[in-house]
Amino acid sequence: MRPAAQLCADCSRLPAALTSRLDGLRRCRRCHHAKPGPCARCGTVAKAERHWPEGPICLTCVDTVRFTHATCTSCLQRRPVYRRDSDGHPTCPECAGIQLTYTCTVCGGMGRIHSRRRCPPCRATQRLDEVFTDGHDHLKAELAPLYRHLAGYPSPYTLIAYLDGAGGRLIHRLLTGDLACTHDSLDQLRQTASVTHLRSLLTAVGLLPSRDEHLARAHHRAQILLDNMRESADRLLLTRYLRWTILPAAHEHTEHTGRPGPHQARYLLEQLRTAHAFTHYVRTTGSTLGDCTQPHIDAWLASQRWRTSYLRQFLTWAAVHGEAPRHIAVSALATSEDRSIMSDTDRLLLAHRLEHDDTIALPDRVAGCLVLQYGQHLTRIAQLTVDDVIEHPKEPGILGLTLGSDPLWLRPQLSHLMARLVIERRPDRVLARSMPTPHLFPGAHPGRPLSADHLARRLKTLGIKNLRRARNGALLSMVGSVHWKLLADLLGISDSAAQRWHTAAGGDRASYVATRLKQDAAIGPE
């Protein structure tokens with residue numbers, strides 16, 4: 001009887017075919033080649049990319065052969081260097097009896113070869129042409145700016161992966177006319193990362209008008225909420241409330257500040273959700289909004305006091321338009337501002353570390369210093385652009401930020417980091433690096449900044465666990481040395497907020513006059 005074949009030591013399913021020189025175990029061919037082991041050339045423990053006569057070779061050593069070119073002493077052709085003899089004379093893979101494909105059939109370049117015996121740049125160009133070939137001529141002409149933008153991607157590997165994935169399928173739908181090149185068409189799709197990135201691309205190349213994506217996404221979610229309402233009367237009422245009051249106020253706030261509003265979008269949704277939840281509650285009690293009473297309001301707010309201000313706005317609007325009784329009242333919610341601070345010792349030591357530790361990412365160092373030293377909110381930091389950075393007219397090397405009406409001049413070390421950030425800034429993802437961005441903290445999508453939430457998660461890993469306490473510590477420290485009115489002009493915060501911090505620090509309003517007089521005396525007569 002024929003003895004049973006020995007099974008693989010790793011998968012225990014396929015017959016063992018090869019014996020490892022590392023541990024002496026027998027494995028099937030697939031597991032043997034996938035098993036990490038020491039490279040015969042450099043000794044690095046890694047998966048073998050090739051098995052040459054001297055043993056398994058890692059990818060780095062194979063690439064060293066591909067990209068090191070010289071004239072072979074045997075065939076006298078310029079080819080990759082497989083090895084050198086004792087006198088340093090090179091030998092190519094063919095003359096050494098090694099099979100290695102390294103020449104592109106299109107451009108003739110030597111290096112890594114992708115599928116169809118093309119180098120990565122030629123394969124990326126071919127793949128891009130394949131995607132844009134299958135489509136209507138007029139749509140290809142309209143999407144020509146997108147083609148030129150994709151053709152300029154710095155990494156061919158990234159472009160190939162993008163075109164072979166969901167991004168390429170979306171572009172194909174645009175070319176065939178299955179998907180219109182409009183915001184409304186993209187809004188109807190599931191808002192995945194591919195859809196968001198394609199929208200950013202189309203906006204960056206000018207095929208779509210720019211818009212506040214935070215408010216647009218909030219509007220889309222609000223519309224879904226309205227569509228799912230059963231009572232048509234309540235749906236009509238909340239639609240009026242959304243279009244006449246909530247949306248105009250949100251867009252006015254964005255236009256006034258000049259910055260996109262992620263917090264404003266969340267505030268918009270919570271206003272509508274509160275109105276929806278209260279009207280639904282009133283319906284469950286057998287009444288309508290026009291018949292609701294004070295007990296209805298008190299009972300609903302008993303377990304969710306945090307919604308008091310949202311409900312007050314809705315009922316005020318409803319009463320003005322005759323949709324709710326005028327005699328009901330919602331008491332104002334008493335709020336207490338959190339003034340807990342991070343200790344000055346911890347805050348200054350962490351700021352010093354961020355200023356001098358080169359192992360930390362440069363954007364995180366600058367953002368952390370702006371929080372710890374100047375009490376800036378991450379939403380404001382994430383929206384900073386190159387135009388917000390200015391140079392000091394009299395002190396070389398000192399940079400400032402235009403956060404308010406007066407320039408805020410930065411510390412020398414932070415000025416140095418800011419100057420580096422202006423030059424070295426770039427998005428984390430390769431897909432977003434093909435187009436210049438004005439943002440100091442560019443995000444993953446073209447033309448958009450890094451989100452404040454993502455920046456907060458990165459700063460927490462550096463030790464800024466509580467951003468509010470860090471900001472409070474910085475503000476309290478500054479208001480002790482700079483008057484609140486000057487501080488408001490430097491940091492771009494409201495006068496009321498700066499004055500509250502001034503009062504908390506034990507100051508008074510009369511000191512503003514003394515501060516101005518000291519400044520005028522230091523400047524002297526003109």
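Predicted model: local features only at pLDDT ≥ 70, side-chain atom pairs only at ≥ 80, totals over all residues.

Student: What makes Leu399 a buried residue?

Tutor: Leu399 has a relative accessible area of 10%, and the label buried applies under 20%, so Leu399 is buried. Leu399 belongs to strand β12, residues 399-401, and, leaving aside its neighbours within four places in sequence, Leu399 is in contact with residues including Val389, Ile390, Leu408, Trp409 and Met418.

Student: Why is Arg307 called buried?

Tutor: The relative accessible area of Arg307 is 13%, and since buried means under 20%, Arg307 is therefore placed in that class. Arg307 sits in the loop between α13 and α14, and among its contacts, neighbours within four places in sequence left aside, are Glu270, Arg273, Trp300 and Leu301.

Student: Why is Gly286 called exposed?

Tutor: The class exposed begins over 50%, and Gly286 has a relative accessible area of 69%, so Gly286 is exposed. Gly286 is located in the loop between α12 (262-284) and α13, and its C-alpha atom is 20 Å from that of His327, a residue 41 places away in sequence.

Student: How do you know that the buried residues of α5 lie on the same side of the helix?

Tutor: In α5, residues 144-151, the buried residues are Leu146, His149 and Leu150. They cover an arc of only 95 degrees around the axis, which means that they share one side of α5. These buried residues pack against α3 (120-133), α6 (156-164), α7 (166-176) and α9 (193-204).

Student: What makes α13 and α14 roughly antiparallel?

Tutor: Helix α13, residues 294-301, and helix α14, residues 308-320, pack at an angle of about 150 degrees with their axes 11 Å apart. Angles over 145 degrees count as roughly antiparallel, and the pair is therefore given that description. The crossing of α13 and α14 is right-handed, and in the contact Ile297, Trp300 and Leu301 of α13 meet Thr308, Leu311 and Leu315 of α14. The residues of this contact comprise five nonpolar, one polar and no charged.

Student: Why is α20 described as roughly perpendicular to α22?

Tutor: The axes of α20 (residues 467-479) and α22 (residues 495-504) come within 9 Å and cross at roughly 75 degrees. Because angles of 65 to 115 degrees count as roughly perpendicular, α20 is roughly perpendicular to α22. On the α20 side the contact is made by Asn472, Leu475, Leu476 and Val479, and on the α22 side by Ala498, Trp501 and His502. By class, the residues of the contact divide into five nonpolar, two polar and no charged.

Student: Where does Leu76 lie, and what makes it exposed?

Tutor: Leu76 lies in the loop between β7 (69-71) and β8 (78-80), and its relative accessible area of 64% is set against the requirement of over 50%, so Leu76 is exposed. Leu76 also has a positive phi, of about 60 degrees, although it is not a glycine.

Notes:
Residues numbered from 1 in each chain as written. Heavy atoms only, no water. Buried < 20%, exposed > 50% of the residue type's maximum accessible area, 1.4 Å probe, protein only. Helix = DSSP H or I, 4+ residues; strand = E, 2+ residues; numbered from the N terminus. Arc of directions from axis to C-beta. Contact = heavy atoms within 4.5 Å. Axes fitted to C-alpha atoms, helices over the stretch in contact; angles between N-to-C directions. Parallel < 35°, antiparallel > 145°, perpendicular 65-115°, else oblique. Left-handed = near helix turned anticlockwise from the far one by under 90°. Nonpolar A, V, L, I, M, F, W, Y, C, P; charged D, E, K, R; others polar.
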